[in-house]
Amino acid sequence: MKYFLFVLLMGFSALTFAVEEAQTFDNAQQAQLFKELSLELRCPKCQNQNIADSNAVVAKDLRDKVIELVKLNKSKDFIVEYMIDRYGYFVHYKPPVTASTLVLWVVPILFVLFGFGSVIFRQKKSAVEQEWSEKDEAQLTKLISKYQDSSSQMKQESGQ
Amino acid sequence: MSGENKNSKLMFAVPLIIFFLLCIFLFKGLFSNPRELQTGRLGQEMPAFNLPDLMQENKNWSEKDLLGKVYLINVWGTWCPTCLVELPYLTKLRERGVEIIGLYLEQGYDPDFDGEFNIQALRDEVSQMLARTGNPYQYNIFDLNRSLAFDLGVSGAPETFLVDSKGVILLHHTGDLNERTWRAKFAPKFTELKEVKL
Amino acid sequence: MIPELGYISLTIALGLSILLCIYPLWGAYTNNLRLMRAAPALAIGQCVFVFISYAALVYASLTDDFTLVYVASNSSSSLPWYYKITSTWGGHEGAMLLWVVMQAGWTALVSISSKSLPWPLRARVLGVLGFLGVGFMFYTLLMSSPFESLLPYYPVEGHDLNPLLQDPGMIIHPPLLYMGYVGLSVSFSFAIAALLTGKLDNTWAKWSRPWTISAWLFLTLGIALGSWWAYSELGWGGWWFWDPVENASLMPWLIATALLHSLAATEKRGVFKSWTVLLAIAGFSFSLLGTFIVRSGVLVSVHAFTTDPGRGMFILGFLAIVVGGSLALYAMRASAVSSPGRYRLFSREVALWLNNILLCVATLIVLLGTLLPLVHKELGMGSISIGEPFFNEMFSYLLVPFAFALGVAPLLRWKQNKFNALKNKLLLIGLLSIVITASWLYSSYDVVSSMTFIAVLLAVWVTISTIFDVVERATKQTSLIVGLKQFTNSYWAMVSGHFGFACVVMSVALTSAYSVERDVRMMPGETVTLNEYVYRFDGIKEIVGANYTGHAAMVSIHKEGEKVTKLYAEKRLYNVGMQFMTEAAIDASLGRDLYVALGEQLNNGAWALRIYHKPYIRWMWLGGLIMSFAGLLILLDKRYRGTSKVPQKHKDSNNASQPVASGEVS
């Protein structure tokens with residue numbers, strides 16, 4: 001009897017969790033993939049919105065297609081390429097890596113290298129500028145001996 | 001030493017040069033439309049499809065029907081105000097010998113919510129509209145679920161595709177087709193293909 | 001009558017600005033003191049008339065004067081009065097007038113506070129500011145006047161302010177941002193004046209700093225507020241979208257941050273002079289570029305004001321003259337500037353240089369990402385999109401060296417350091433940071449990705465390092481409490497600024513990794529559980545507001561049986577524009593935000609609801625506030641208070657012993 005009541009109770013409590021999800025996927029990975037893609041794909045008709053956000057008809061079509069492909073267990077790359085085949089690179093918020101877009105990565109790296117390099121270059125330059133030549137050495141020796149002579153002379157004169 | 005000075009002077013001019021280049025692009029950007037998109041299928045063959053004719057019962061069209069001649073495929077709908085403005089010009093193009101096939105894009109129908117689609121009401125609406133503006137279309141393909149539109153990368157209406165005799169998509173124009181855009185984009189391609197005497 | 005007054009007033013202001021631009025600059029060039037002395041009066045004069053002009057627009061808006069195109073398009077009689085004032089900057093024309101107001105205001109402020117500047121420099125600064133004012137006033141009067149009339153036929157009712165903008169955020173966000181953008185024009189003017197005068201000495205750096213910091217302060221507040229507002233208002237839990245208009249505000253901010261660090265080095269050590277000048281020019285240039293992007297229609301954005309190529313041309317022309325001219329001047333004069341300071345590779349100077357390089361690279365990345373689609377298309381290579389994935393990836397790469405250096409830098413001394421002395425301190429801080437981060441993250445979460453760990457570790461690293469430095473300096477010669485009291489405002493500002501940054505990094509990392517979202521359809525009475533919080537949908541209530549009607553979903557939230565709160569997530573229909581708006585309901589606390597947004601009503605009586613759990617997200621904007629507080633602290637520093645008094649005080653206290661542990665950083 002206790003067991004029966006228990007099972008009945010469990011059955012009833014399960015009803016309170018029967019809230020319908022807006023989307024139904026087979027597993028958590030699919031739900032996650034859909035979420036990621038809906039943030040990464042761009043609505044072709046909107047003022048810079050992703051398809052998750054937009055109410056446009058074409059955005060809804062894209063979302064529906066993504067759901068369809070996700071449920072078929074297609075990979076992220078496959079789905080993105082599927083969309084690009086139809087709507088062009090515009091539809092993906094990640095730029096393709098082509099000769100013309102390489103500048104996006106190359107220029108910042110060059111800038112950083114140049115920036116670091118200029119500091120190191122400055123260090124070398126200031127080190128070089130302070131180079132000591134032979135002529136300077138000779139002049140210094142002359143000055144030191146002159147001072148030593150004059151100071152020893154002063155010592156003699158003050159009677160030490 | 002003077003060489004070094006020249007180098008450093010040149011260095012200080014680099015920001016100016018870069019800025020100047022930037023201004024050129026910003027200036028050109030003022031005259032281009034950032035919303036204009038191109039299909040990803042440019043240069044490729046038409047995708048496969050099997051869709052019913054809009055006005056005739058029991059008549060279907062496929063991509064094979066587009067082979068052999070140069071066509072314009074015009075995406076439109078009665079709900080689209082710009083299409084209404086475009087229709088008279090398309091009719092004129094038909095009179096000049098350009099063959100245009102309509103791809104009717106249905107926007108309002110949601111299979112989850114609405115019932116059976118009322119095709120007759122739509123046919124009446126289309127007949128009425130084309131009676132006013134003239135009929136530029138050889139025939140109309142009815143894309144209820146926007147499947148062909150999706151495969152073509154269509155995001156709204158009006159849009160026009162130029163397809164050659166081998167079924168290859170040569171051009172995709174978003175926005176209405178008028179004399180200016182015809183002369184700028186389509187006419188040169190037509191002359192190239194030497195298919196139609198204009 | 002009043003609108004005409006506004007228009008005439010603006011025209012007078014333009015006239016005064018033209019004089020302000022010509023007289024002082026010519027006077028400085030020909031060494032004519034009388035011409036130079038005209039500058040302050042002209043500056044104040046143009047400010048007064050601009051204020052009158054703006055007051056006229058506000059008056060027109062408050063009295064529902066629909067004979068004006070602008071008021072008819074952006075306001076309505078049912079709008080609450082505070083939103084009527086807000087509507088004066090809700091549309092393009094009014095926003096331009098607001099910019100002019102800011103420009104005139106800052107010019108007048110500089111004029112009043114620059115009495116101790118030598119005349120040639122002072123005249124030139126005001127002259128350049130006058131030139132900028134001329135450009136903006138000309139543009140406003142000619143191409144985007146809010147005083148355009150609809151007479152003789154005008155509507156009885158206005159189109160109403162866009163419901164999205166009927167929010168407290170709209171009251172503060174644009175003014176804050178504009179204060180920042182225009183404030184950068186002051187640093188710009190100082191740099192140009194210094195280049196024109198040919199003297200890039202300590203005076204210039206010393207004078208530039210407080211103005212730069214004020215502008216930076218406003219920008220920081222403006223951006224933080226914008227992010228918070230988007231989060232609260234838009235209903236999808238996002239707080240930054242890398243939209244072109246957002247990027248347009250981020251770029252000047254990054255440059256301004258680099259500038260205020262560079263100015264510190266220039267003022268204290270005389271290094272990086274020509275670089276600092278370039279940054280000062282760049283700061284305002286990016287403000288102008290931002291204005292261009294937002295108003296020209298060149299890029300697609302949800303925030304974009306207007307898409308009119310004619311207006312865009314004017315702004316581009318102005319941009320070309322101002323930026324092109326200043327860069328040309330820079331190219332000609334900057335090579336004559338030398339920075340005599342010497343420093344070793346392992347010194348605070350180099351650390352600040354690193355800071356600048358990384359901040360400028362960040363700016364470059366944002367610039368490239370924003371403008372490359374345009375360039376790509378113009379070159380005929382088709383359309384591409386550059387958005388969140390790209391920017392997030394690049395910024396997470398940048399964060400690592402930047403935050404690492406941030407932790408090391410305060411411990412570095414100027415000119416040179418011994419690595420061995422520092423090595424042990426750094427190792428200790430590093431170890432502490434790893435232990436704290438690991439114990440925090442692994443005890444709170446099941447799965448910790450390496451990216452999240454590194455980001456939080458960096459935030460903790462910066463914090464621990466800052467605390468370490470505070471303790472070390474305070475206890476160098478006295479006890480901790482006494483030592484802390486002796487710190488200057490500028491030192492506390494550094495502590496505050498860096499700590500604020502660490503808060504932002506921590507919050508972004510944790511909220512990005514551990515936010516949970518559920519998209520559900522609920523009937524009244526049903527519950528949903530998210531991360532140990534139980535959300536119960538209690539039902540729908542009809543709501544009526546000042547200029548809207550709609551529905552509110554009542555959602556009560558419980559945790560472990562105890563009631564946490566009751567939220568009202570609204571969906572409003574605004575009467576005039578017939579536009580729908582979701583007002584998300586948020587229960588905020590330091591540890592997490594509980595966020596509910598109401599969606600569509602469904603056929604069977606159920607409603608769509610979006611529920612989010614966002615951990616630590618408040619720390620992001622708190623971090624922004626803490627950083628802004630840093631700016632305020634520097635401005636309140638003794639040296640900027642009562643400049644006429646301070647020299648005397650110094651004369652007296654020169655003989656008294658100075659506190660050693662003052663930790664002079666900036």
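Trainee: Which residues of α2(B) are buried?

Mentor: In α2(B), the buried residues are B:Cys83, B:Glu86, B:Leu87, B:Tyr89, B:Leu90, B:Thr91 and B:Leu93. Buried means under 20% relative accessible area, exposed over 50%, and partly exposed in between (1.4 Å probe, protein chains only). This is a predicted model, in which local features need pLDDT of at least 70, side-chain atom pairs count only at pLDDT 80 or more, and totals for chains, interfaces and linings use all residues. Residues are numbered from 1 along each chain as its sequence is written, chains are lettered from A and ligands numbered from 1 in the order in which they are written, and side-chain values use heavy atoms, leaving out hydrogens and water.

Trainee: What do the buried residues of α2(B) pack against?

Mentor: Their partners in chain B are the strands β3 (71-76), β4 (100-105), β5 (137-143) and β6 (159-163), together with the helices α3 (119-133) and α5 (179-193). Helices (H or I, at least four residues) and strands (E, at least two) are DSSP runs, numbered from the N terminus.

Trainee: Where is the kink in helix α2 of chain B?

Mentor: The kink, about 35°, lies at B:Leu87, shortly before the proline B:Pro88, in a helix covering residues 81-95. The angle is taken between axes fitted to the seven residues ending at a residue and the seven starting there. Just after α2(B), B:Gly97 has a positive phi of about 105°.

Trainee: Why does A:Glu40 count as buried?

Mentor: A:Glu40 has 16% relative accessibility, so it counts as buried. Its place is in helix α2 (residues 28-40) of chain A.

Trainee: What joins the side chains of A:Glu40 and A:His92?

Mentor: A polar contact of 2.9 Å joins them. The term requires a pair of N or O atoms within 3.5 Å; within protein, one must be able to donate a hydrogen and the other to accept it, and residues adjacent in sequence count only if both atoms are side-chain atoms. Beyond its neighbours within four places in sequence, A:Glu40 is in contact (heavy atoms within 4.5 Å) with A:Lys76, A:Val91, A:His92, A:Tyr93 and C:Pro389.

Trainee: Why is C:Arg473 called buried?

Mentor: C:Arg473 is called buried because its relative accessibility is 15%. C:Arg473 belongs to helix α16 (residues 450-474) of chain C. A polar atom of the C:Arg473 side chain lies 3.1 Å from the backbone oxygen of C:Pro410.

Trainee: How many helices and strands are in chain A?

Mentor: Chain A has six helices and one strand, in the order α-β-α-α-α-α-α from the N terminus. Of the 160 residues in chain A, 31% are buried.
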